[in-house]
Amino acid sequence: MTMAADCRACAIIPCNDMEQAGRWWNGLGFFGPTDDGTADYRILSDQDGATIHLQPAVPGWVVPGRNPFGIYLSTPHVDRLAATAGDAILGPVKAPRHTEWGMYEFALNGPDDLLIRIGWPSRLIRASEMDAVAP
C-alpha cells in the first residue's frame, strides 16, 4: 500500500483546562484562532504546519500525576524548541540528547502531566549540527 506524501497523524489531547493547555502550547509556538466560537475543540499549529488538537477531558478521566497519555512531536527543530522550553525540560541534563534508540530528543511535562517528547532521528541531523550539540 502506498500513501500520499502529505499523509500524517495528529494527536487529540484531552485537557482538564482548555485555556491553560492552550496557553502552554502557545508557549511552544502552537497557535490557533483566538475567537473561533468553539470552547470544546481547538486545533493549534506551529509555523511548520505541525498540529495538535485539544478537547475537554471527561471529568475524572485525566488525573494529573497518573495521566496515561503522551505525545511525540517529530520535528527537525529540536534545538529551537529546547531553547524555548528551557528549564521545563525533564531530566538532569535539561537539554536534548542522542538516545540509544536513535533519536535526538528531550521530554517535557505538559498540561495535566501529559508526557511530551520532542525529537528527530539522530541519523537525519547533519554532522555539523551534531558537533554543535554533542553531549
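Me: Which residue is the bridge partner of Ala-11 in β3?

Reply: In this predicted model, local features need pLDDT of at least 70, side-chain atom pairs count only at pLDDT 80 or more, and totals for chains, interfaces and linings use all residues. Residues are numbered from 1 along each chain as its sequence is written, and side-chain values use heavy atoms, leaving out hydrogens and water. Strands β1 (residues 11–15) and β3 (residues 51–56) pair in the parallel sense over five bridges; strands are DSSP runs of E of at least two residues, numbered from the N terminus, and they pair if DSSP finds at least two bridges between them. Within β3, the bridge partner of Ala-11 is Ile-52.

Me: Which residue of β3 stands opposite Ser-45?

Reply: Strand β2 (residues 42–45) runs antiparallel to β3, and four bridges join them. Opposite Ser-45 stands Thr-51.

Me: Is Phe-106 buried or exposed?

Reply: Phe-106 lies in strand β6 (residues 103–109). Beyond its neighbours within four places in sequence, Phe-106 is in contact (heavy atoms within 4.5 Å) with residues including Leu-81, Ala-85 and Ile-118. Buried means under 20% relative accessible area, exposed over 50% and partly exposed in between, with a 1.4 Å probe and protein chains only. At 3% relative accessibility, Phe-106 counts as buried.
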